[in-house]
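Hello,

Here is the structure I promised to pass on to you.

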Amino acid sequence: HVSNEIVMKHNLLVTTLLYEFSYKAMFMGAIWKIFGGLAADIRLNYLNIFLLVLPSLLLFSCSKNEDKASFEYSDAFKPVFAQTTQFFDTNQPDAGIAYLNSAYSKISQPSVNDKFRFYGFHYVLYQKAKLDYKRAFLYADSMMMMAKESQDREQYVSNVAEANYAKGDTYFSLKQYNDAYQCYFQGYVLGKHDLNQRSLADYAYRMGMIMYKQDHDKLAADYFKERYPTRRDLPDDFAQFFRKQELLDNIGISLKHNGGIDSSIAYFNKDLKYIDVSAPKFRYRAGMLETARGVIYGNLAEALILKGQNAAAREFLKKSIAINLKKGGDNRDAELAEMKLGRLFLISNKNDSLISLLNTVRGQLDTIKNESAEGDWNRLMGIYYQQKHDLSKALVYMQQYNSLKDSTIKRLSSLK
């Protein structure tokens, strides 16, 4: 009798906790944003664009007078810079660094800018290719050290601003958003009267990202929309094209979080059209364009879910997953899309499809870490076992979800 009473109390406690977790998951929009249940994360240089267009995004020439001799590399370093850039531009960063290390060691008197860019290439390797943020930060510090040895004001402003942005990007990747903001702002304050339009637009983009992470969705959308015309005035090389399409996507995401579902759908469709129109010019980047489409399909699907258009959303999610699960695709975004598809299976009471998908994704998450997808995976597993009346298993998954959620909220609250 006592044993049965304990079991009844246990089941009542589990049911109460599950109800509480389910309630939070349904009604706390911020939680959905954090874990991708109803939203994808806005991206900071999300794809390999940083590797592919290194010179543009590292701001290596960001004075008002970009042809000044003070910003040139030494004659010995110029061909080394060009060849290393070519390696990065063709997605061979390891080969690029190996070549750089060998060639640089033969330069007897490298200039300050040579040294600065040497560290800059290493920073990009660890920040964007290796995702080793601690080592990346060491190289960002080395960039700052060399920047402070710059020999005139314009060189100093350019290099110190870039080093601040580099440190800020690493802090952002580490989810230390307050520190990221400080670095971005220091770079902006230092260079606001000296940097060119491209550099200021990149700063504004980063600030839009900070606004998004603070849950200021309308401010983020306004920031992105304000800077989109600025990007239109810049040369239409691949770097600028890619950032412009990324801005359109980010505007759509921010509007969706702020309740502007129809407007967000319009921006996602505008982004897809922009990619299609630009595709002939960038045939050599066909793989990256397809990856970008996959990301947008997933974001469009979210908006359609919120409109109750689940059948259409399901098709866009399948297209997104098919594209970005491939080698070279945005595998993390594919995992988020799979979680959205899982939610559709849950809504449609397709429990067999749901558990099959979750078992498949488990293997992916063990290989490709993704905190957002991990949180939503645990939540969906908890709800699945709750519906199967296996309350003990459900509680384990829901507790793990709650732990991940609380940890992330605590980090994000540092800027609020």
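**Around helix H5**

Just after H5, asparagine 91 has a positive phi of about 60 degrees. Before going on, please keep in mind that this is a predicted model.

Helix H5 itself covers residues 78-89. Which residues of H5 are buried? They are Val80, Phe81, Thr84, Thr85, Phe87 and Phe88. Looking down the axis of H5, you will find its buried residues within an arc of 155 degrees, so they line one face of the helix.

**The protein as a whole**

Stepping back, the protein has 20 helices and zero strands. It has 416 residues, and buried ones make up 56% of them. Among contacts with a separation of 6 or more, 67% are between residues 24 or more positions apart. The accessible surface of the protein is about 18,100 Å², and carbon and sulfur atoms account for 53% of that.

The largest nonpolar core holds 50 residues, and the members that touch the most others are Phe238, Phe241, Leu289, Met339, Leu358 and Trp377. Two or more residues each come from helices H13 (238-257), H14 (261-278), H15 (286-306), H16 (310-324), H17 (331-347), H18 (351-367), H19 (371-387) and H20 (391-412). Which of these elements gives the most? That is H15, with 10 residues. Another core lies apart from this one; it has 27 residues, including Tyr104, Val124, Leu125 and Met144.

**Two residues to look at**

Arginine 362 is in helix H18. Its side chain makes a polar contact, at 2.7 Å, with the side chain of glutamate 374. Leaving out residues up to four places away in sequence, arginine 362 touches Glu374 and Trp377. You have met Trp377 already, as one of the residues that touch the most other members of the largest core.

Asparagine 378 lies in helix H19. Is asparagine 378 buried or exposed? With a relative accessible area of 4%, asparagine 378 falls under the 20% cut-off, so it counts as buried. Setting aside residues up to four places away in sequence, asparagine 378 touches Tyr397, Gln400, Tyr401 and Leu404. The C-alpha atoms of asparagine 378 and tyrosine 397 are 5.0 Å apart, although 19 residues separate the two along the chain.

Methods:
Residues numbered from 1 in each chain as written. Predicted model: local features only at pLDDT ≥ 70, side-chain atom pairs only at ≥ 80, totals over all residues. Heavy atoms only, no water. Core = buried A, V, L, I, M, F, W, Y, C linked by side-chain atoms within 4.5 Å. Buried < 20%, exposed > 50% of the residue type's maximum accessible area, 1.4 Å probe, protein only. Helix = DSSP H or I, 4+ residues; strand = E, 2+ residues; numbered from the N terminus. Contact = heavy atoms within 4.5 Å. Areas by Shrake-Rupley, 256 points an atom, 1.4 Å probe, with all protein chains shown as cover. Polar contact = N/O pair within 3.5 Å; in protein donor to acceptor, adjacent residues only side chain to side chain. Expected span 1.5 Å × (residues − 1). Arc of directions from axis to C-beta.
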